Each structure stands twice: as structure tokens, then as C-alpha cells.
Amino acid sequence: MINENSRQPILAGLRVLDLGLQYAAANCCAILADLGADVLQVEHPDGGPIRHMLPKKGAHSLWWKVVERGKKHITLNLSTPRGRAMLLEIAKDFDVLVENFRPGTLEKWGLGPTDLEKAGLNLTMVRISGFGQTGPYSPQPGYGSAAEAMSGLAHLNGFPDGPPTFPSTSLADGVTSLWAVIGALASLYGNRRTTQGVEVVDVALFESLFRIIPTQIIAYQQTGVAPMRPGNYLGGRGTLRNTYHTRDGHWYIVAGTGDTIRKILVGAGATELVEILDTGVLKGEDMGPISAFIARCDQHMTTWSASLDYDQVAAALKAADAVFAPVYSAAEIVDDPHFKARDQLVTLPDADLGEVMMQGIVPKFPGRDHKISHPGRAKGWDNESFYASQGISADELAALKKDGIV
């Protein structure tokens, strides 16, 4: 909650030029806007692909409402000589430019880093692409699913006897948007204080996911065995983690490693297994006894869970201070008091849909006045006010629109 003595947003005064066509770049800029940056989103006069992404309500993409929130919206055709010249002039007032065109596209239009420097720009240029700006695959088109395949994530995700499994949401793009934010802020904090010109931050979708999978490479290098997908059960890694089904039809998950497994077993009334754990079975170097012990724990949890209703299971595990959580759908999320207490269910007025609910701001800065000003707006919503601030008259703007420039 915002208190009466709150200060201005953490990124107040930062100006970001958003040229993003896809989720990763758009969400990077939405995060910066959440934290107080002044973000100007530049869209082709014909509209961008996010506007057509499902699900929709009527003609309005619900993706757009979330990932374009808090931004100003203008239209500009960057592939035209006049559009290029206008962007170079606009960009002089910005600290960060974020783009996700296929590598080489902006260079073809005369808007690459060298072109920006020649035009006298001094900013951070965050470049998001499937495979990065260099390397043999850099010219290839790359969406999040390709990154999820190449990073090793899909190979590790799913059940042992099933095919590689891809996430049901745009995980690669979402993770990449966070690395892009980190790159932008690192540039601003570091070299941007002492250097002039354009500093490029090169963010690849496949690398973004690859970086957060901690042990697949070191495990392969050290053992010669490529890790396989384990499903929800991690007994082969010495971890008690799985999903369990209760008598009244609820799913939940527990997670424990080392001595924290004791809390789960205590909550589940597994006295004999607690005694075995206390002998130090998990501290040996031989994985055989460890895997066998975790398998016994898993079987106990399966039987115990099936004999009780979820409320009984939750009460027992909570009393033991074990790590567990129910498996939520959106329906449970919107009714959950913790999501509400953390301001993670934000309802905003919207010109198209009346009222929309979406997730709140992450991370929290207690004492800072952070808020989402509005959902994503109509194409060119801010054209008149923004271009007027650039000295372009209403008649000039009408002519630019007629020529397909804005």
C-alpha cells in the first residue's frame, strides 16, 4: 500500500523509447513504466502483432492491455525516410531505446547503433532477438518456443515417458524481458555515467532461459550424462518434490531438501521415515539409498494425501512449517487474500473494456509511489499531444497520416 509520506517512483525521470513488436520487448518496457519511467511506445500506423494476439474480448487483445500498460502510444513508420528522420529527432530526448526487430532490420533502415551515434544520440540501446546480434544463427527469426527448445528447457520439462514439454505461456519472452531490464539498468548505472554515444545491450531469448537452468551443463560436463525430464518428482536429485491429490479432489505440491524434508514428514505423520532421516541417509555419496528413501517418502505422501481433504492436509503441513502450496488456476488466484494483500490484483478503468484486472507491480519499493496509470491504449492514442510537443502542427500531422508516416 502507498503511504502518505511516499516518494516519487524509483525510475522517475528516466525516458524510454519502446520500439518493441513482441512480448519480450513490450514487457521490458512495461516493467520500466511500472517503476516510474516515462515510456513512449512507437507502433507502425497499421498496428503491431500484439494487438492481434489471443485471447481477445471483441476486437481488443487482452495481451495488449497488460504489456502496453502505463505507456504513451504514438504511431510512426520507421521504414520510410521521413519516419527515420523523425525517430532520430525524437530519440535525442530519451535515455533508453528498446527494440526486437530481426538483427539487421534497423541497420537496413539506417537506424542501427552506428547510425544513432552519427545522429548525435547518447543512449542505451537494448536489442532483443531470438539468437542475439552475433553468431551463425543471429539472422534467423526466433520466437520464444524456439528458445525454449534450444535452451534445454523443453528437454528437461515433462514426464520421463513423455515427449519434451513446452510451457503453456510465453516463458522465454517473459524471462528475457527481465534480463533486458537488468541490462538497461546496468548500462545506466555503469558505463552510461562516463561514456558518450550508444551502448548496445544484446539480449537473446535462448540465452535468457539457458542462464537460469543451473546445473544441466556442469552436470553433463562432470558426469557425461545429459539430465532428463523428471516430471514433478525430483527423487533422483535427493529432493522430495511432487504433486499430490487429496480426497476431495485438490492438487498441491510440497518441496523439501536435506533436513527440510523432516518438516514435511512430521506434518504427514511419517514417524518411521523421520527416524530413518535422522540416521543421516541423505548425507551419503551413494545416490541409491537416497533415491530409495525419497521414493518411500513420496509413496507415503501419496497415500496420506488421498486419505484426507485438502484443508486437513494444509493444516497439518502448516503446523509443521513445511513448504507446500495449492495448485491454483486463475479462479483461485482472484479469490486469494494474499494476492489481494500484496496488491497483485489491480483493477483499472479502460476505455475499451470498461474495467480490467491484471497483475500488480513487481518488485515492491515500500515508501515509493508506484502505480499503473492505465492499460494499453488505442493505436496512436497520444499522437496529437506528443507530436504537438515536437512542434508538429495539426495540419502537418494530418498530412503525415495521409502519407502513411504516422
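These are my notebook entries on a predicted model.

**Ground rules.** I number residues from 1 along each chain as its sequence is written, and my side-chain values use heavy atoms, with hydrogens and water left out. As the model is predicted, local features need pLDDT of at least 70 and side-chain atom pairs count only at pLDDT 80 or more, while totals for chains, interfaces and linings use all residues.

**Overall.** I started with the secondary structure and got 18 helices and 13 strands. Both are DSSP runs numbered from the N terminus: helices are H or I with at least four residues, strands are E with at least two. The C-alpha trace spans about 80 × 50 × 40 Å along its principal axes. Of the 406 residues, 44% count as buried. For burial I use relative accessible area with a 1.4 Å probe on protein chains only: buried is under 20%, exposed is over 50%, and partly exposed is in between. Then I looked at contacts, meaning heavy atoms within 4.5 Å. Among those with a separation of 6 or more, 68% are between residues 24 or more positions apart.

**D298.** Which helix holds D298? D298 sits in helix 13, residues 287-306. I looked for a salt bridge (a side-chain nitrogen of Lys or Arg within 4 Å of a carboxyl oxygen of Asp or Glu). D298 has none, although it is buried. The nearest side chain of opposite charge is R241, 9.5 Å away. For charges, Lys and Arg are positive, Asp and Glu negative, and His and the chain ends are not counted. What I did find is a polar contact of 3.0 Å between the side chains of D298 and N242. That term covers a pair of N or O atoms within 3.5 Å; within protein, one must be able to donate a hydrogen and the other to accept it, and residues adjacent in sequence count only if both atoms are side-chain atoms. With neighbours within four places in sequence set aside, D298 contacts Y233, L240, N242 and Y244.

**S305.** Still in helix 13, I moved on to S305. S305 counts as buried because its relative accessible area is 0%. A polar atom of its side chain lies 2.7 Å from the backbone oxygen of M301. Beyond four places in sequence, S305 is in contact with Y244, H245, T246, R247, Y252 and V313.

**Y310.** Y310 is in helix 14. Why is Y310 classed as buried? Its relative accessibility is 13%, so it counts as buried. Not counting residues up to four places away in sequence, Y310 touches T246, D248, H250, Y252, F324, A325 and P326. I also took the C-alpha distance from Y310 to D115: they are 195 residues apart along the chain and separated by 61 Å.

**Empty space.** Rolling a probe the size of a water molecule over the atoms shows where empty space is left. I work on a 1 Å grid over the protein atoms alone: a cavity is a set of points where a 1.4 Å probe fits but cannot get out, a pocket is an open set with protein on both sides within 12 Å along at least five of seven lines, and lining residues have an atom within 4 Å of a point. Points are joined across faces, edges and corners, and a volume is the space filled by probe spheres set on them.

How many cavities of 30 Å³ or more are there? There is 1. The largest cavity holds about 50 Å³, and its lining is G20, L21, Q41, E43, H44, G48, P49, I50 and W64.

The largest pocket holds about 1000 Å³. It is lined by 29 residues, and the closest to its centre are L156, P230, G231, L234 and R237. Helix 7 (153-156), helix 10 (216-223) and strand 9 (239-245) each supply at least two lining residues. Helix 10 gives the largest share, 3 residues.

I checked omega and found a cis peptide bond from L54 to P55, near 10 degrees. P55 is in the loop between strand 2 (38-43) and strand 3 (56-57). Another cis bond runs from V362 to P363, with omega near 0 degrees; P363 lies in the loop between strand 13 (354-358) and helix 17 (383-389).

For phi, I noted D321, a residue other than glycine with a positive value near 65 degrees. D321 is in the loop between helix 14 (310-319) and strand 11 (324-326), and counts as exposed because its relative accessibility is 52%. D343, not a glycine either, has a positive phi of about 55 degrees. D343 is in the loop between helix 16 (337-341) and strand 12 (346-350), and is partly exposed at 30%.
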